[in-house]
Amino acid sequence: MISLQNIEKVYRTDTIQTLALNNISLDVAKGEFLSIMGPSGCGKSTLLNIMGLLDVPSKGNISISNQQTHNMNDKQLAGFRNKKLGFIFQSYHLINDLQVIDNVELPLLYRDTTAKQRRELAAEALEKVGLSNRMKHFPTQLSGGQRQRVAIARAIVGRPEIILADEPTGNLDSVMGNEIMDILTGLNQNDGTTIVMVTHDENMARKTHRLVRLFDGSQVQ
Amino acid sequence: MIKHLFKLIWNKKKQNFLLLSEIFISFMVIFGVFSFGVYAYKNYMAPMNIKYENVWVINYSNTLKTENADSLEMFYSSLKQNIQALPGVIEASYTSANFPYSTSMMNNGITYKGKQYFGVNNYRVDDDYLKTLGGNLIEGRWYRKADGAGKERVIVINKKLKDDVFGSGSAIGKYIDGNNSKDGRRVIGVVDDMKNFGDYQPAKYGMFERIDTSYRKWVGNMLVKVKPGADAAFEGKLYKTMANALKNSNIEIEHLDDKLSSTNKFTLVPLIILSIIAAFLIINVALGLFGVLWYNINKRRGEIGLRRAIGASGNSVSGQLVAESLILATLSLLIGSFFAAQFPLLNVFDLPAMVYVIALLMAVVFIYLLVFVCALYPGRQAANIYPAVALHEE
C-alpha cells in the first residue's frame, strides 16, 4: 500500500545540516495497522509527513497504492491526498469557527460533491465515531476526546484507503485515549483501512499489528 | 465553497467587524469623491456656448453727475460707439455685474401658470451681448433697439429654463409672471445654455433682460470682443478712451479667459483637496487591509496547513483567501450601496441621479479592485505555506 525506498531527509540552514531521516525503507501492507515509535526528535513526524505527501524527501522514492508520487505537481498531490489519505493530528486541527458537521465536511469541499452529499457523508462519519448528537456544536464546546473523534470523522469522511495519525492520543487521558484507539482499531478491522500511527505510548503501540522504531533518523526495529 | 466561506465569515463576524467597517467607510468616502468628480466631468463635457477668447471686461464706476436717464442713455450709447469704433474692437456690450465667470450673482424667481421657479439668474444686457459672447439663439430672436420703445415687456430665457417651464413645446409668445401683455413678460427668444460659472459648473436657469434707461445708472461693466493679437498697448488705449470719457472713475480691464481660469480653480480646489484626503485615506485603508489580511493569514497558518493536508492546492488556498476578502467587501458594499442610494432618492446636494449611479458603480469597482490587490499578495504567501511546517507549529 505504502512503499518507502531509501528515504533521506536533510534540513539545511546556512551553517547547519541536520539529517532527520537516514535511508528509511519501509513497506506498509494494505489493511495493516502500523505504529511508529521513538524518542522526541527522532524523525517520526517527518516520516509521517513524507508518507502523507505533506513534505518531500531529500532522497528516495515513495509509492502509494502503486503510484509514484515524485513527479506529481502541487495540484495532483493535493488531489491525491484528498482521495487516498486521511490525517489525524495530536492537536486535532479543527476550525473553531465552524460547527462540528462543517469541520467534518471540509475534505469533501475539495471534491466534486453536492452540499446534500457532503451533509450525508459527514453525518455518517459522525455516526461512526458516536458524535451524531454534537453536529451543531462548535469544537470549543467539546472535550478533548470528542474533538479527536471529530478529527477522526473528518479523516474518514472521504473514505480514504490510508489514515495517518500523528500521536492521536497524545493530548488525551488514558480513558479517552483508549476510546480513540478503539475507534481506530475498528476502522482498521471493519473497514480494512490501512493506518500508520505515530505514538509515544507503548500500550497503544502494542494494539497495532507492527511496530517500527526510529532513533536519530534511522530505523532500529 | 462560496456557502462555506459565507458561513466562515458569518461565524467570525466579530473579528471581521473592524474590516467591514473600514471597507464601508472607504466606500462612502470614495463614493463622495467620485460623485463630485463625475459631476465635474459631466459639466466639463457640456458645451460652454460662450466664445470667451479675446473678450475683455471693462469694470467702471458711473461718475456722471446727471440724474437724467435720457442723458445717461445718450452718454453711454455714445461711449459704446466710440469703443466699437476702435480699430481693434470687434464687438462691445454693456452688462450687469454677473457677466460670465464673475463672482456676482443676481437671482430672481419667476411664475408660470401658478408654478414658481426659483434661482433664475437675471442678466441685464444690451442688444449686442449675444454677439459679443458668441452665444447661440435656438428659438425666436434676440433684443433689438425697437424693444426699448415698445410698451410690452419682453424677455429672453435660456434653454434650461425653457425646458423646465415650457417642456418640449415652443416658449415664444408665452407670458411669464402674468398671463397677458399688461402684467406678464412675453418670451421672445431662447438661447443655448451658457456655462457662466466655469467649465466645471452646470448652466443654471437664466433670463436676459434688456438694459433700459431706468437701469442704466446701475450698469458698471462692458464686455469687449477684441481682435486676436490685441496687446497691452491696445489695452492702454482702451483704458484711456474710458478714462477720458469717465473722469475720476475706477476703471479696470480684465480678460475673460483669466477669469475663467480663476473660476475653474475656485471649483477644482475643493475637489482636489477632497481627492488628496481621499487618497491618503485609501492608502491607509490599503495598508490596513493588507495588514489585517496578513495578520489573519499568520493567525490561520494551522487552518491553512490543514486545508493543504486534506486536499487544497496552493492556488485554491490563495483563491479562498482572496474570495473571503471579496465576500467581506461585498457585505460592506451592500451596506454602503444602501446608504449611497439614499443620495439620489433624497436628492442630497441636488445633483442629477445619474451622477450618483455612475459614482456608485465606480466606487464599487474601485473597492473590489483595492481589496483584490490587497488580498493578492497575502493570498500568494498563504499558498506558499508549507503544510508540514504549519501543522507542526500548531
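Within strand S5 of chain A, Gln68(A) is the bridge partner of Ser63(A). This description concerns a predicted model. Strand S4 (residues 59-64) of chain A and S5(A) are joined by two bridges and run antiparallel.

These strands belong to an open sheet of four strands in chain A, ordered S2-S1-S4-S5 with antiparallel pairing. Its edges are formed by strand S2 (17-28) and strand S5 (67-68) of chain A, each of which pairs on one side only. Helix H1 (residues 44-51) of chain A packs on the sheet, where it touches strand S1 (2-12), S2 and S4 of chain A. The direction of H1(A) makes about 120 degrees with that of S1(A).

Ile110(B) stands opposite Tyr117(B) in S4(B). S3(B) and S4(B) form a hairpin with two residues between them, and Lys113(B) in the turn has a positive phi of about 50 degrees.

| Strand pair | Bridges | Residues facing each other |
|---|---|---|
| S4(A) and S5(A) | two bridges | Ser63(A) and Gln68(A) |

On the scale of the whole chain, chain B is divided into domain 1 (2-45 + 262-393) and domain 2 (61-250). The C-alpha centres of domain 1 of chain B and domain 2 of chain B lie 52 Å apart. Seven residues from domain 1 of chain B and seven residues from domain 2 of chain B take part in the contact. On the side of domain 1 of chain B that touches domain 2 of chain B, helix H2 (13-45) and helix H7 (256-299) of chain B each supply at least two residues. H7(B) provides the largest share of that side, four residues. By class, this side of domain 1 of chain B has three nonpolar, four polar and no charged residues.

The two chains also meet: 24 residues of chain A are in contact with 22 residues of chain B. On the side of chain A that touches chain B, H1, helix H2 (74-84), strand S6 (85-89) and helix H3 (100-109) of chain A each supply at least two residues. H2(A) gives the most to this side, with six residues. The side of chain A that touches chain B comprises eleven nonpolar, seven polar and six charged residues.

Methods
Residues are numbered from 1 along each chain as its sequence is written. Chains are lettered from A and ligands numbered from 1 in the order in which they are written. This is a predicted model: local features need pLDDT of at least 70, side-chain atom pairs count only at pLDDT 80 or more; totals for chains, interfaces and linings use all residues. Two strands pair if DSSP finds at least two bridges between them. Axes are lines fitted to C-alpha atoms, for helices over the stretch in contact, and angles run from 0 to 180 degrees between N-to-C directions. Domain bounds come from an automatic or database domain assignment. Ala, Val, Leu, Ile, Met, Phe, Trp, Tyr, Cys and Pro count as nonpolar, Asp, Glu, Lys and Arg as charged, and the others, Gly among them, as polar.
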